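Hi,

Here is the structure I promised to pass on. My notes on it follow below, so please open it alongside them.

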Amino acid sequence: MFDLLLRGGEILDGTGAPAYRGDVAVQDGRIAAIGADLPVEAAQLVLDAAGLTVAPGFIDIHTHSDFTLLVDGRADSQVCQGVTLEVIGQCGFSCAPFTGAMSPRQLIGFHDAGIEVTWRSFGDYLDRLDRQGLGVNVAAMVGHGAIRQAIKCDAVDATTSDELAAMTRLAEEAFEAGAFGLSTGLEYFPGSIAPIEEVQELCAVCARRGGLYATHVRNRDIHYDLGFTEAVATARAAGARLQISHIQPKYGAPPHAMAHTLELLDRARREGVDVAFDVIPHDWNHTSVVSSLPAWAREGGAQRLLERLRDPTLREAMKHNPRPMWRLVADRRWDRIALLRADANPGLIGLTLSQIGLRRNADPMDAVLDLLAEEGAGLGNLMWTSSGFDDADIRLCLEQADCAVMSDTKALNRDGPLADIIGSLSGYGWVARLLGHYVREEGVLPLAEAVRRITSLPAGRLGLADRGRIRPGAVGDLVVFDPAAVRDRSDMSDPRHHPEGFVHVVLGGVPTLRDGRRTAANPGRVVRRPG
């Protein structure tokens, strides 16, 4: 007796091979049989897939749902577009290790919803997350930034040998608890002040444990080649496998930057470096507003920053950061930057900084600093988004066989405590944009290959042998969709819109989306890499 039978679909097995018609049966959470005309009477539940495509559940290799999943684990924004596994703890930010010396508000994606932060170790955090009802399975990276702040808080002085040894112990403990890799955010504080030697030491732990080193490099605009070369050099010296996160260069990079970067990586592979990368299928990117401030302004945490914002001299100095995270800020391209999250000023969300400046009768940079001050202790959650990527670069990346696709967002819901949160403009429709826009409408890559980029390719990078493919014995995470109907319905005016074209989603044999409607099931679990 099968628990579930998907009947009569066009099966894309996740390897990039052409589709074939058949049934897929799941028993005890795993794929038990694949074939034509499997006996319907042998299944407790039959879902019709005739005329539709059946694929492995989609894997989002780069998200920031670390805290939002604790607030509300349903993850409807992901489930409704076929995602069955998220990889959190990216860009150097993870919710653990956490010593309690800093405010919980500094945790990635913090949302004030009464969540008691009692965990300290990485394992404690995973245990807490695993007790949550989850609409998706979750794998976790440990963030270099979290490790560093657990030892040094927000101090900007050089790391001592004893401090580095303590960081190394925390990294080892995270891998023993089930971390899949180490991440860095070298454009963000505190990664931005960390020397390469510190990162390399932690990467060496990652390499010994067989994990994946995922990095948000220091720079992707004017000095893009320095950032990517550092990533390769760090991985090479540490012997680590390298995943370059959201690789596409940003506004300010020269026109040849993407092609040159791909050449750099191709040469690194020929020299023995195991390197791959991923992209966001959207030309808008997002980050925290505070990330564009100089590092000195952030030393000591949120309260110290608030004090500096009240000092006219220091406030003026903050306006002239010679190395802002976005060149758009340095060039004052306020027409291309819009507010994405503002707990103290929700009425301004969606407006460009040019519009906000006019509304407040203030220079947009002054308006930015005012908005930060008005957020108070939660200023780290003030988010903005910008039209900072080049679509031609995204297309060039998608043409590369080792390019995965991801969301770089948070798992959210349109009701409940996260209803008003926007993770990114692609959060509710990144899969639909890949399959609908880049595959069906633009023909950048075939459907079978696009499915591989969000199934077996990320599974292979993570070392998940039993996920990302439809084959007997694999985990029964599956998605059924209509390639002709898939469409991203979210945009700047309504970013919380579920996509069209997704019919069924199955997590370990349990339907989480059935006939296009979200079920009440939340059977997701934390997936741990063996220590």
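How many aromatic pairs does the count come to by the ring-centre rule? The rule pairs rings of Phe, Tyr and Trp (its six-membered ring) if their centres lie within 6.5 Å, with planes under 30 degrees apart called stacked, over 60 edge-to-face and the rest tilted. By this rule there are 8 aromatic pairs. In one of them, the ring centres of Trp 334 and Trp 384 are 6.5 Å apart and the planes are at 45°, so this pair is tilted. Trp 334 sits in the loop between α12 (327–330) and β15 (337–341), while Trp 384 belongs to strand β16 (residues 383–386), so the pair ties together parts that are 50 residues apart in sequence. Trp 334 and Trp 384 are both buried, where buried means under 20% relative accessible area, exposed over 50% and partly exposed in between (1.4 Å probe, protein chains only). Helices (H or I, at least four residues) and strands (E, at least two) are DSSP runs, numbered from the N terminus.

Before going further, the ground rules: this is a predicted model, in which local features need pLDDT of at least 70 and side-chain atom pairs count only at pLDDT 80 or more, while totals for chains, interfaces and linings use all residues. Residues are numbered from 1 along each chain as its sequence is written, and side-chain values use heavy atoms, with hydrogens and water left out.

Now the cores. A nonpolar core is a set of buried Ala, Val, Leu, Ile, Met, Phe, Trp, Tyr and Cys residues joined through side-chain atoms within 4.5 Å. The largest one has 100 residues, and Phe 58 and Trp 119 touch the most other members. Helix α16 (residues 430–441) gives the largest share of this core, 7 residues. A second, separate core has 32 residues, including Leu 309, Ile 356, Ala 367 and Leu 371. Trp 119 also belongs to an aromatic cluster with Phe 67, Phe 110 and Tyr 125. Not counting residues up to four places away in sequence, the contacts of Trp 119 (heavy atoms within 4.5 Å) include Phe 67, Leu 70, Cys 95 and Arg 128.

Next, the sheets, where two strands pair if DSSP finds at least two bridges between them. An open sheet of 6 strands runs in the order β9-β10-β11-β12-β13-β17 with parallel pairing. At its edges, β9 (142–143) and β17 (403–405) have a single partner strand each, so one side of each is left without a neighbour in the sheet. Strands β9 and β10 pair over 2 bridges, with Val 142 facing Leu 182 as its bridge partner in β10. Between β10 (residues 181–185) and β11 (residues 212–216) there are 5 bridges, and Gly 181 has Leu 212 as its partner in β11. Is β10 enclosed or left open by the rest of the structure? 5 of its 5 residues are buried, so β10 is largely enclosed. Gly 181, Ser 183 and Gly 185 cover one side, with Leu 182 and Thr 184 on the other.

Helix α6 (residues 196–208) lies across β10 and β11, at about 160° to β10; axes here are lines fitted to C-alpha atoms, for helices over the stretch in contact, and angles run from 0 to 180 degrees between N-to-C directions. The buried residues of α6, among them Val 199, Leu 202 and Val 205, pack against α4 (144–152), α5 (161–177), β10, β11 and α7 (224–238). After α6 comes Gly 210, with a positive phi near 75°.

An open sheet of 3 strands has the order β14-β16-β15 and antiparallel pairing. Its edge strands, β14 (285–288) and β15, each pair on one side only. β14 and β16 are joined by 4 bridges, and His 286 stands opposite Thr 385 in β16.

Finally, two buried loop residues. Pro 281, in the loop between β13 (275–279) and β14, has 1% relative accessibility and touches Ile 394, Trp 430 and Tyr 438, among others. Thr 63, between β6 (58–60) and α1 (68–71), has 0% relative accessibility. The C-alpha atoms of Thr 63 and Glu 86 are 6.5 Å apart, although 23 residues separate them in sequence.
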